[in-house]
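Trainee: I have the model open and would like to talk it through with you. Could we go step by step?
Mentor: Happy to, go ahead and show it.

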Amino acid sequence: MICQSQQFSLLSVSSSSSSSNPIAKPHIPMSIKLPTLGFRIRCEAVDSAKKANGYSGPHTGRDPNVQKPGWLRQRAPQGERFQEIKESLSSLKLNTVCEEAQCPNIGECWNGGGDGVATATIMLLGDTCTRGCRFCAVKTSRNPPPPDPMEPLNTALAIAAWGVDYIVLTSVDRDDLSDGGSGHFAQTVKALKELKPEIMVECLTSDFRGDLNAVDVLVHSGLDVFAHNIETVKRLQRIVRDPRAGYEQSLSVLKHAKISKKSMVTKSSIMLGLGESDDELKEAFADLRAIDVDILTLGQYLQPTPLHLTVKEYVTPEKFAFWKEYGESIGFRYVASGPLVRSSYRAGELFVQTIVKDRANQTAVKS
């Protein structure tokens, strides 16, 4: 469920040298690059009495007065490039996970980090989620506005004008749609591939309510990377996620994506700091490897508002480094692990591209 995003929403796309394109080009900085997923929950049902009494959301055990460690402190986003990207995305009426999920990396990514390559996150199907996960900062509603039928084409045109070579798309959960939004995703991927056949596309999706036919539609749209987040360990699922989501349901979706298309690269993410034990994390790692998930990202859960789950533990950078080494030792092709890592993490793009190209070459040789 993509309400999965406060924790994992750093979509990224790698910019390549832009080539001439006959398509109509809206005014967008050619240095931008696009990527994947997230959401914000507003907990609109919390009554005013709770707010007045200093209600601070479901408690996971940490002293709410404990300050964030230094490694999690980020400066407020600023800079000319940040403003330029913000204005251009707004003019195109494109939603970004970066803003909706309050991603802590927005300043670094939109300004280009240390490599000068700007990244952003495109969120399809609107900015309102039908689910209410306790970790997520995307607004929610039982009846969000209907999808914009022109969004797939407009999104593809915008991305083609950017001149990127890797893009990640995400969305809110749309349980109000018969296919959960799978067809809308697929239309966007197909439009992108028609405009720019060489572009690599990653989609960070919801669980489509466990509808495996919806998974098939997206997997066979030309998609290169299928991403879906299990979010947390098995024991904490009902505490952290909306009741319509589930550990086994998420695993079934990831498993089917690989079965439906053998060469499909699959990816998932887990938030740390919610009270999970080491043994529970190892169990989750093993479950993901058992269904041949290729890539895993691990990041620190950060409470987006006082109405959301509190943080149980601030995991140290050293522990994140341990989990990266452990994950890769048991077979993940790549593990991005760090306090500020999010599900679509810019540092892993080049590695993902290498995996996709290698698998495409292997498939071509076998055929």
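Trainee: Is cysteine 129 buried or exposed?
Mentor: Keep in mind that this is a predicted model. Cysteine 129 sits in the loop between strand 2 (122-124) and helix 5 (151-162). Its relative accessibility is 0%, and a residue counts as buried under 20%. Cysteine 129 is therefore buried.

Trainee: Which residues does UniProt list for "binding site"?
Mentor: The annotation comes from an unreviewed UniProt entry. One of its residues, cysteine 133, is in the loop between strand 2 and helix 5 and is buried, with a relative accessible area of 0%.

Trainee: How many of the twelve residues of helix 5 are buried?
Mentor: The buried residues include Glu151, Pro152, Thr155 and Trp162. Helix 5 is largely enclosed by the rest of the structure, because the buried residues number nine of the twelve.

Trainee: How far apart are the end C-alpha atoms of helix 5?
Mentor: Start from 1.5 Å a residue: the twelve residues should span 16 Å. The model agrees with that expectation, as the end C-alpha atoms are apart by 16 Å.

Methods. Residues numbered from 1 in each chain as written. Predicted model: local features only at pLDDT ≥ 70, side-chain atom pairs only at ≥ 80, totals over all residues. Heavy atoms only, no water. UniProt positions renumbered as here; feature names shortened; annotations may be inferred. Helix = DSSP H or I, 4+ residues; strand = E, 2+ residues; numbered from the N terminus. Buried < 20%, exposed > 50% of the residue type's maximum accessible area, 1.4 Å probe, protein only. Expected span 1.5 Å × (residues − 1).
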